[in-house]
Amino acid sequence: MTPPSSSVLQVEGLGHRYGTSTVLRDVSFAVAPGEVVAVVGPSGAGKTTLFRCITRLIEADQGSVRVGGRDLAALRGRELRLARRDVGLIFQQYNLVRRRSALGNVLMGRLAHLPAWRALLQRPGPDESALARSCLEQVGLGQYAGARADRLSGGQQQRVAIARALAQRSRLVLADEPVASLDPASAAGVLEALGTVARDHGIAVVCSLHQVELIAGFADRVIGLRAGEVVWDGPASTFGAVDRAAVYGPTPGTSRTPA
Ligand SMILES: Nc1ncnc2c1ncn2[C@@H]1O[C@H](COP(=O)(O)OP(=O)(O)O)[C@@H](O)[C@H]1O
Ligand SMILES: [Mg+2]
């Protein structure tokens with residue numbers, strides 16, 4: 001399948017091995033602006049490796065990754081910085097600067113947009129501060145702008161991370177198990193905020209999840225990964241019990257230990 005050129009993310013024929021074990025095999029998919037994709041699969045299926053190959057934290061052995069039509073591997077210097085700016089990252093362990101305020105953390109998403117001298121001084125102008133505040137409001141944290149990141153709950157910290165990606169003007173957000181450490185109610189709230197922000201701003205989201213019950217009401221599409229291969233790719237509304245079994249194996253439940 002040739003992905004549409006309007007895709008924010010195009011992954012084609014991605015393959016990766018650790019030593020002699022093949023962890024990703026011929027993984028291909030494309031994600032459109034505003035599309036919210038849940039990547040599901042048992043522990044060890046290759047979800048984190050897939051994210052690392054996309055962000056080039058590790059070099060894939062095969063295949064290509066394009067963000068906004070650009071192959072990151074071919075870019076250097078300013079072009080590479082601009083392309084990286086398009087990608088917002090959210091991880092399972094809240095990757096905020098703990099001693100900074102919620103607003104300060106969101107402002108860090110603006111650094112890539114500031115003139116170098118201002119970024120060095122870490123002195124945002126009033127426009128940047130107003131933008132950062134509005135991003136916090138969009139994830140329901142307007143009243144927590146001044147709160148220190150490490151005083152916020154896990155769910156609130158993940159919302160700050162979403163606001164930071166929004167302030168960064170990311171076109172693509174990659175979230176690797178962002179709600180794995182949260183209770184079900186907080187997890188659902190964080191995913192709802194992520195989905196809303198994505199659809200409102202046309203941001204493409206690729207989010208890995210352990211809890212398949214959280215897909216409904218969040219994702220438009222599900223990609224099922226099993227032993228490094230895409231074994232399911234389709235609308236979230238049609239991902240049923242039989243499809244889950246195909247992804248998680250003949251005895252679902254036995255292999256769902258969290259990573
Ligand atoms: N740095 C590494 N070196 C060797 N093997 C690894 C490394 N990272 C992950 N693996 C292996 O690759 C497979 C996929 O891991 P991972 O991408 O973390 O899966 P998931 O995120 O779906 O749990 C697993 O079998 C894991 O043990
Ligand atoms: Mg993982």
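Let's start with a definition: helices (H or I, at least four residues) and strands (E, at least two) are DSSP runs, numbered from the N terminus. Counted that way, the protein has eight helices and 10 strands.

A word on the source. This is a predicted model: local features need pLDDT of at least 70, side-chain atom pairs count only at pLDDT 80 or more, and totals for chains, interfaces and linings use all residues. Residues are numbered from 1 along each chain as its sequence is written, while chains are lettered from A and ligands numbered from 1 in the order in which they are written.

Now, the overall picture. I call a residue buried if 20 or more other C-beta atoms lie within 10 Å of its own, exposed if 12 or fewer, and partly exposed in between, with C-beta atoms placed from the backbone. Of the 259 residues, 41% count as buried. Two residues are in contact if their C-beta atoms, placed from the backbone, lie within 7 Å. Take the contacts between residues at least 6 apart in sequence: 69% of them join residues at least 24 apart.

On to the sheets. Two strands pair if DSSP finds at least two bridges between them. One open sheet has six strands, in the order 6-7-8-3-9-10, and its pairing is mixed. At its edges sit strand 6 (87-90) and strand 10 (229-235), each pairing on one side only. Neighbouring strands here are turned by 15° against each other on average, direction ignored. For angles, axes are lines fitted to C-alpha atoms, for helices over the stretch in contact, and values run from 0 to 180 degrees between N-to-C directions.

Look at strand 3, residues 36-40. Strand 3 runs parallel to strand 8 (residues 204-209), with five bridges joining the two. Strand 3 also runs parallel to strand 9, through four bridges. Which residues stand opposite V40? In strand 8, L209 does. In strand 9, G224 does.

Next, strand 9 itself. Five of its six residues are buried, so strand 9 is mostly covered. Six bridges join strand 9 to strand 10, and these two run antiparallel. One bridge pair there is V222 with G234 in strand 10. The two strands make a hairpin with two residues between them, where A227 takes a positive phi near 45°. Helix 8 (residues 241-248) lies across strand 3, strand 9 (221-226) and strand 10, at about 160° to strand 10.

Four strands form an open sheet in the order 2-1-4-5, and the pairing is antiparallel. Strand 2 and strand 5 (70-71) are the edges, each pairing on one side only. Strand 1 (residues 9-18) pairs with strand 2 (residues 21-31) over seven bridges. Within that pair, L9 stands opposite V31, and Q10 stands opposite A30. Strand 1 and strand 2 form a hairpin with two residues between them, and G19 in the turn has a positive phi of about 60°. Strand 1 also pairs with strand 4 (residues 62-67), over five bridges. There, the bridge partner of E12 is S64. Helix 1 (residues 47-55) lies across strand 1, strand 2 and strand 4, at about 65° to strand 2.

Now the core. A nonpolar core is a set of buried Ala, Val, Leu, Ile, Met, Phe, Trp, Tyr and Cys residues joined through C-beta atoms within 7 Å. The largest one has 75 residues, and those with the most contacts inside it are A38, V106, I162, A163, L194 and V205. Where does this core lie? Domain 1 (1-86 + 175-259) and domain 2 (100-169) both give residues to it, so it lies between them. Those domain bounds come from an automatic or database domain assignment. As background, nonpolar side chains tend to be buried together in soluble globular proteins. Take I162: leaving aside neighbours within four places in sequence, I162 is in contact with I90, V139, A193, L194 and V197.

A147 lies in the loop between helix 5 (126-138) and helix 6 (154-167). Why is A147 called partly exposed? Because 15 other C-beta atoms lie within 10 Å. Not counting residues up to four places away in sequence, A147 touches S101, A102 and L152. A147 and L103 are 44 residues apart in sequence, yet 8.1 Å apart in space, C-alpha to C-alpha.
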